[in-house]
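The sequence and the model come first.

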Amino acid sequence: IRDILEVKFLIDKYPLYIFINHWNSKQSPDSYRIRSAEALIERILTLPEGSEYIVLGDFNSNYNQYNINYILGTIYRDRRMVRKCNIKQNMVQHYNLWVEKPIYQRWSYNFYGKKEGIDAIIIPYSLFNGEGIDYINNSFSVFKRGYLFHKRGYILRWEYKNGRHKGVGYSDHLAVFAKFSTKAYKEESCTIRLGYIKELFKKNIRLPLKLKNIEVVSQFKNKVYIKD
C-alpha cells in the first residue's frame, strides 16, 4: 500500500494540512485503495476539530466510484454526490470539486478513450465556513494547454526508449487545480435552477440544473438520450 504524504502549512498564521495521495494503480484490487481511504479518514479524525485541510492527488478511482468515495464521505449511501449546499460540519463528509463541472468535463485521464476523473481535490466544511482559509467558488479546473496533447488529440505522455526518457511528452494525466483565499467564502444560491439543454454547453454553467420540456429519445444501458 502506498504511503500518503502529509504537509502542514501556515498561511497568514492559519494552519492548513495538505494530504497528497497516489494510490495503488487499477492493476491492484479495490481493497488496496479502500485501505488507503480508511487510513486517510482515520488520520483526519485525529485532527483538531474544525481543522482546515485539502485532500488531493491521483486516487486511481473515479470521482463517483461508490465504495471508495463513500469511505471518503463525498458520496451518500444512495449514491448522490455531496454538494456545497448540503455539506455538514463533521470530519467524515467532504466535497469533491469535480461536482462543479458538467459531467462530460469531469476527466483528467483518458485510458484508451475511457475518460475518468481519478485525479481530484477534496475539501471539508471548514473551507466553506467563512473563517481562516476558504475555497474560492468555482475556481476548480483542469490544466489543458495545447502542448500537453498530441496532434491526434490524445494526451502526450512521456516516452522512453531503452530505459531512458526521450525528452518527449509529459504526464499521462492532466493536472487539476483550485484556488483558496483567506477572504471569506462567497456563498451561492442553493436553489436548483430550471433550464434548457442548450445551457449545458455554456462555458461557465452553474450546476445542478433541472431540465424542463425534454423528451427521452432512447436508452442504452446507463445512458439516456434526450431532446427538447
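The structure holds one cavity of 30 Å³ or more. This is a predicted model, in which local features need pLDDT of at least 70, side-chain atom pairs count only at pLDDT 80 or more, and totals for chains, interfaces and linings use all residues. Residues are numbered from 1 along each chain as its sequence is written, and side-chain values use heavy atoms, with hydrogens and water left out.

A cavity is a set of points on a 1 Å grid over the protein atoms alone where a 1.4 Å probe fits but cannot get out. A pocket is an open set with protein on both sides within 12 Å along at least five of seven lines. Lining residues have an atom within 4 Å of a point. Grid points are joined across faces, edges and corners, and a volume is the space filled by probe spheres set on the points.

The largest cavity is lined by residues including Phe59, Tyr63, Asn96 and Ile118. H2 and strand S7 (119-123) each give two or more residues to that lining. H2 supplies the largest share, three residues. Helices (H or I, at least four residues) and strands (E, at least two) are DSSP runs, numbered from the N terminus.

The table sets out volumes and linings. Ala, Val, Leu, Ile, Met, Phe, Trp, Tyr, Cys and Pro count as nonpolar, Asp, Glu, Lys and Arg as charged, and the others, Gly among them, as polar.

| Space | Volume | Lining residues by class |
|---|---|---|
| Largest cavity | about 50 Å³ | seven nonpolar, five polar, no charged |
| Largest pocket | about 820 Å³ | 14 nonpolar, eight polar, eight charged |
| Second largest pocket | about 650 Å³ | 11 nonpolar, eight polar, nine charged |

The largest pocket has a volume of about 820 Å³. Of its 30 lining residues, the closest to the centre are Tyr109, Phe111, Arg157, Asp172 and His173. S3, strand S5 (109-111) and S7 each give two or more residues to this lining.

The second largest pocket holds about 650 Å³ of space. Its lining has 28 residues, and Glu100, Lys101, Asn138, Ile205 and Arg206 are the closest to its centre.

Now helix H1. Its buried residues (under 20% relative accessible area, 1.4 Å probe, protein chains only) are Arg33, Ser36, Ala37, Leu40, Ile41 and Ile44. Seen down the axis of H1, they fall within an arc of 130° and so line one face. The arc is that of the directions from the helix axis to the C-beta atoms. These buried residues pack against strand S2 (14-22), strand S3 (53-58) and helix H2 (66-72), with contact meaning heavy atoms within 4.5 Å. Arg35 and Glu42, exposed (over 50%), sit on the face of H1 turned away from its buried side.
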